Amino acid sequence: MVNADMNNPSVNTTDYPTSNVFESDGANIYWRIQSNKENPNNPIVEVGVIVKNYKGQGWFALGIDHEASSGMRNADCISAYYDTTQKSVVVLDYFLSSFGVAPRKDGTDNILAKNGKYDDSNQVLHVKFTRLADTGDKTDDKIIKNETIRISYAVNVNSNDLNRVHTSEGKFQANLLYMPPAGDPGTPAPKPQPQIKIDYKYFHLIVTAGTLVLLIILGFIFTCLPIFMKPNLVVDLILYRKFSKLVNHQHLSKVINTVLDVTIGELIVILVYFINLVVWAVYGALKSSEYKVGISFAYVNVWNFSLILIPITRYSMLLAIFGISYERSVKFHRWLGRVTHFFVTAHFIAMIVYFAQKDQVAFLWSLDSIYYPLFGFISWVCLTILVLFTFEPIRRRFWELFQYSHIILALLTIGFAIAHGTGWINLLPYMAISLFLYFSDLICRFIFGVVMPTHLVQLKYDEASGIVVCTFRKKINTHLNIGWKKEVGSYVFLYIPRIAPYSYHPFTVSSMQYLEKEGQLQFTCHIKDMGRGFTNRLAKYAKEMIKQNNNIELNQSQQQNAINVVNNPKLFVRSEGFYGNITMPLNYYKRIVLIGGGIGITFINSIFEGIVNNDNNTLDKSVHLFWTARNEAIFKLFPNLFIQRENISQEYFVTEEIKERSLEDDRIHYGKRPNVKELLQKVSDSCKDDYIAVLVCGPNSLLVDASNAIFDLNWKTKRFHLHKETFEL
C-alpha cells in the first residue's frame, strides 16, 4: 500500500500499477490502494480518471458494484464535472437506485479527498478521489470487497446536467483491493476484464437495407413487366392470382377480406416486412441486458414508426416504383398502424410486468428519468384512441371527425414517442426518411392543390338521383403528377371552404378532356348525396344556388324531372390530384369487362371514355359493360354509356321494379340483380382470348361477387385479371 499526495490535480498514470487500468474510447480509469493508519483492515481506495474529448463541459459518472444489468442500477456512484465559473473540478458522492434515472446525492459525503483539473490543450478532464473501502454508510454506499465486482462509467461531453443521457459508456470487472504480494512487486494483478459485449450496432440496418433494396428491385421489375410485356403466366401468378375466396358479410367482410384478398406479390412485401420485424426484435433483445422483452418490442416499434408515413405520401417516388397509387397504399398504412398499436401495447405490458416484479410500477408514470416513461404511456393512449377512430363506422360516416382527430392524435403519438425513451436518439433518426418524404409530399400538395387554381365552371343537381355534377377546369403539368394518365380512372381531393372549411374530400373523376386551346384540363365529378356530411351540405348548397340563379320555386313534380344548371358559379374551389393508377395496362388486353354498381359507375365511365375515345386502340378491343343501379334516374346522367357499337355490348340492371319506365331499351333489365359469375362465363365462352381484363367499382357486395366469380373461373383455361376500385381512404 502507498500514501499518495492528493494535492496534485493531475492523474499521473505512472503512479498506478500497470495492471490496475481500464482503457476505452471515452475514458481511462486507474486505481490503487492507500494505507489507512487508523484502521489497517479498512484500506483507502484511490481512483484516477482521464476523460477524453472533453471540451470544457460535460459530466463523468463512475458506478461501483452495480447489479448484473445494463446501466448502473443499485450502484455507488461518483460524479464529476468542470465548473467553468469556479475554474475547478467538482466531485460529488452520489447513489444510483435504478436504471434510466439521474443519480441522487448521498446524505453524507463520504469522499475523503478529491481533486482534478481541465487540460484545455489536450482536451481531457482529470478526476481524482479517495474513499474508504467501507465508509460505514449502509444506505448510500457499497462496501468494496476483496473480490471481482462490476464497474461502469458514463460520460456526457455536451452538458453538465446529469439528467442528460450519456454520449459514451463502458463496463468492466475488477478487484479494486487486489495488490501484488508483499516483497514481490513484479507479480501482476489480474487484468481488469471488460464485459463481453458483441457489437450489434449495424447488423439490423444491414439486413434491413439489403432486403429493402431487393424488394425495390423486384417491385420495379414487376411494375415494368406488365407495361412492356403482354399478359403472361408469370404476371398472372405474381400480380393477380389469389389464394382464397372472399367473405360476403355486411360487417365481417371488411376485416376478414383484408387478409384474404392478397396476391403473391403482396405476400412477398409482407414477408420482407416481418423478416425485418424479427431482426429488429432480436437486435433490441441483444442490445439490452435487462427487460429484454420490453426493449425487444420497443425496437419493433421503431421499425414500424419508420415505415408508417411512407404509404400515405401521395407524390412518393417509392409508390411510383411499385406502381401503387395512394388509395391502394393506404391499406398498408392501416395495417402498419394496427400492428404498431399491437406491439406498442405489448411493449407497455412487458414493462408493467417487469417493474411489477420489482415493486416499481409507479416508475412508469413518472418523469424522474431521462427516459420520461410517462410520455410513453401518453403516446400509447393517443395511439389507442387514434386506432379506434380509424374503424369504418367513424371513418366512413364521419370523415371530417376522422381526419381531424387522425392528424392531431398522430402528431401527439409521434411527439410523445420521440420524447420517451431517448426517442430523439433511438427513434427520430430512423423516421427521418419517412418524415422527409411526408413533408415533401405536403409541399407538393400545397403547390399543386392550393397555389395552382381550380375553377368551377358548371354546377348541376339532379333531384331524382340525388347527384351533384361539378365540372372544373385547371391548368396542370401532368408530368408532375405521379400515376396520372388521361385514359385511366383517377380521382381528386376537392377543397370547397364554403362547404367544409378545414378539409379536402376525395371524389372520382368521371370524365376528363384536355382543352388544347386553353391549355387546361376539364374534368367532371358526379357526387352522390349520402344524406350526411360534405355530400349532403354540397347538395343543399347546389339546390340553393340553382334556386337563386333561376329565381323560381320548383314544385315537387318539376324537381323530380329537372336537371338544373348553374354556369360559372362564384365558388372558391381547389383540387389536389390527379391520383389513381389501375393495376393493368389495358392496351394489351383485347377483351375488357367493365362492371359498375350505383355511383361506382363514375370510375367505369372514365375507363369507358378512355377506351372509346382512343381511336388507335378501340377497333381491336371488345368491351362488355354491366351496370347495376337502384333506379333508372342515374342512367340519364351518363348517356355515353349507352352508345351502340359493334365491339361494345352493354347490359343494365335496375333492382327496383318500376311500372312507369322512362327509358325504353332492351338492354335494361328491371327488378333484377346480375349474376356476375354467369356474366363472366358468358364473356369467356364468346371469345378465344387467354387473358381478360375485368374492372369493377361499386358496393362491397359487388366487389366480393366479382372476386369470387373470378376465383372460380380462373381454374379453367381462361384467366381473368381483376382490378377493383373502392376509394375507401
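## Histidine 126

Histidine 126 counts as buried because its relative accessibility is 9%, where buried means under 20% relative accessible area with a 1.4 Å probe and protein chains only. The model is predicted: local features need pLDDT of at least 70 and side-chain atom pairs pLDDT 80 or more, whereas totals for chains, interfaces and linings use all residues. Residues are numbered from 1 along each chain as its sequence is written, and side-chain values use heavy atoms, without hydrogens and water.

Histidine 126 belongs to strand β9, residues 124-132; strands are DSSP runs of E of at least two residues, and helices are runs of H or I of at least four, numbered from the N terminus. Its side chain reaches the backbone nitrogen of valine 11 at 3.0 Å. Beyond four places in sequence, histidine 126 touches residues including Pro9, Val49 and Lys117, contact meaning heavy atoms within 4.5 Å.

## The sheet around β9

Strand β9 is part of an open sheet of 5 strands, ordered β1-β2-β3-β9-β8 with antiparallel pairing. Its edge strands, β1 (21-23) and β8 (113-119), each pair on one side only; pairing requires at least two DSSP bridges between two strands. Between β3 (residues 44-51) and β9 there are 8 bridges, and valine 49 stands opposite valine 127 in β9.

## Nonpolar cores

The largest nonpolar core has 43 residues, of which Phe305, Phe355, Leu427 and Met431 touch the most other members. Such a core is a set of buried Ala, Val, Leu, Ile, Met, Phe, Trp, Tyr and Cys residues joined through side-chain atoms within 4.5 Å. Helix α7 gives the most to this core, with 8 residues.

Definitions and conventions
Buried < 20%, exposed > 50% of the residue type's maximum accessible area, 1.4 Å probe, protein only. Polar contact = N/O pair within 3.5 Å; in protein donor to acceptor, adjacent residues only side chain to side chain.
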